[in-house]
Amino acid sequence: METLSTCCYCGVGCGLVIESEGDRITGVRGDPAHPANHGKLCSKGASLHLTARNEMRVLHPELRTARHEARRRVSWDEALDAAADKFADVIRTHGPDAVGFYISGQLLTEDYYVFNKLVKGLIGSNNLDTNSRLCMSSAVAGYKATLGADAPPGCYEDIDHAGSLFIAGSNMAYAHPILFRRIEAMAAEGMPAGYSFVPQPNEVASAVLSKCTWAVLALTCHVELFTQAHYRQSIDPDTGLSELWKDVFLFHWKEESQHAILDELEWRRENARLTPEQRDQAVSDLIDLVGAVDGILQVQAAADVDYFLRVCGRTLDGAQARQLSDTMLKAYRWQYIGSGVQDERFQKILGGMVTDAQMKRIGAALSQILA
Ligand code: SF4
């Protein structure tokens with residue numbers, strides 16, 4: 001059986017076809033007729049069926065009356081009566097403003113309507129908010145300050161027709177990959193035909209997620225730190241850039257610095273959990289990951305050189321083409337690997353976690369790439 005639905009992970013809202021046999025979900029695929037994704041799914045959406053397994057879900061109401069108690073299975077009537085009694089007790093004793101509802105960003109409009117009726121109409125409290133609104137509050141402040149209105153832009157098709165796009169403080173390629181495919185297509189339209197983006201995003205995501213958490217956090221922290229390094233080294237000192245342009249990147253830099261702090265904290269927390277043997281394996285995973293990133297850079301650099309040679313309008317001799325290839329790969333490697341791993345902060349964090357022998361292993365792997 002096939003059922004049409006929507007991916008519940010992010011706000012892009014990709015359409016899904018859910019495949020099932022009896023009460024078992026056997027697979028999902030993108031809905032080719034859905035206007036948000038036209039059949040595409042990112043790795044999160046494409047693996048949704050793996051999370052929808054009965055044994056991983058709460059199938060019945062459960063209740064405990066004290067934190068230290070084990071939960072026991074109860075009927076829906078008992079569970080709802082317990083929740084209603086608790087709320088009624090608090091409201092009776094302290095008034096309606098003593099309760100608040102923070103509800104999911106994944107509800108449908110009708111669900112929001114019912115919750116608003118319940119909280120504002122019946123209980124008489126104004127304390128109702130949703131993740132969807134809080135998520136958007138900083139964006140709304142940004143819209144108001146820059147565009148004068150707090151409405152998000154119209155629809156996805158606007159991207160297809162845009163002449164230019166301005167993205168600030170967003171990591172769309174990772175956070176909303178299917179929407180980003182539209183931007184790639186829109187950008188490609190203005191370029192001479194034939195450009196190809198070689199790495200397949202889902203395969204890259206699968207390769208990264210096959211490694212341990214410590215290695216993925218190390219790579220993520222490294223990415224956050226190299227964006228910091230790029231601002232410090234190339235934008236901040238450049239006196240030829242427009243002040244407004246620099247200002248935009250300054251704010252991006254500030255935002256990314258928060259991510260870098262959070263990633264460092266996460267990475268340190270994960271590190272504290274590992275045994276020495278697990279950390280040694282994690283170092284191997286990190287070396288594999290950096291090798292995989294380098295593999296991507298090599299194929300993309302080769303494809304970009306090939307594209308450039310076809311569209312640049314002149315013929316380069318063998319030595320010039322080789323120099324172009326070498327320079328392109330060196331630049332990509334510096335941008336996506338070297339500038340991060342050589343960052344002082346990254347060195348300090350990593351150096352505080354691994355042994356000298358492990359640091360040497362990492363250094364040996366990097367020396368092949370950054371030679
Ligand atoms: S981009 Fe990925 S996570 Fe977001 S809705 Fe689409 S499939 Fe789901």
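**Entry 1: the end of α4.** I began at G124, which comes just after α4 and takes a positive phi of about 85°; I note here that the model I am reading is a predicted one.

**Entry 2: H38.** I next looked up a positive phi in a residue other than glycine, and found H38 with a value near 45°. Most residues other than glycine have a negative phi, and for that reason I wrote this one down. H38 has its place in the loop between β3 (24-30) and α1. I classed H38 as partly exposed because 16 other C-beta atoms lie within 10 Å, whereas a buried residue would need 20 or more.

**Entry 3: the ligand.** I listed the residues around the ligand, 14 in number, and noted that C7, C10, C14, C42 and G45 come nearest. Two helices, α1 (43-46) and α8 (177-189), each supply at least two residues of the shell.

**Entry 4: the nonpolar cores.** I turned to the largest nonpolar core, which has 24 residues, and recorded that A215, L217, A218, L219, C221, L286 and L289 touch the most other members. At least two residues of this core come from each of α10 (213-235), α11 (243-273), α12 (276-311) and α14 (344-353), and α10 gives the most, with nine residues. Apart from this core lies another, of 11 residues, and I noted C14, V28, L41 and C42 among them. In soluble globular proteins, nonpolar side chains tend to be buried together.

**Entry 5: L217 and L350.** I followed L217 to its partners and, leaving aside the neighbours within four places in sequence, found L217 in contact with D263, E266, W267 and E270. I then went to helix α14, where L350 is found. L350 counts as buried because 21 other C-beta atoms lie within 10 Å, and 20 or more are required. I also checked L350 against R268, and their C-alpha atoms are separated by 9.5 Å although the two residues are 82 residues apart along the chain.

**Entry 6: the domains.** Last, I took the bounds from the domain assignment of the protein, which gives domain 1 as 2-56, domain 2 as 62-128 and domain 3 as 192-370. For domain 1 and domain 2, I noted that the C-alpha centres lie 30 Å apart.

Note on methods. Residues numbered from 1 in each chain as written. Predicted model: local features only at pLDDT ≥ 70, side-chain atom pairs only at ≥ 80, totals over all residues. Near = placed C-beta within 6 Å. Helix = DSSP H or I, 4+ residues; strand = E, 2+ residues; numbered from the N terminus. Core = buried A, V, L, I, M, F, W, Y, C linked by C-beta atoms within 7 Å. Buried ≥ 20, exposed ≤ 12 C-beta atoms within 10 Å, placed from the backbone. Contact = placed C-beta atoms within 7 Å. Domains from an automatic or database assignment.
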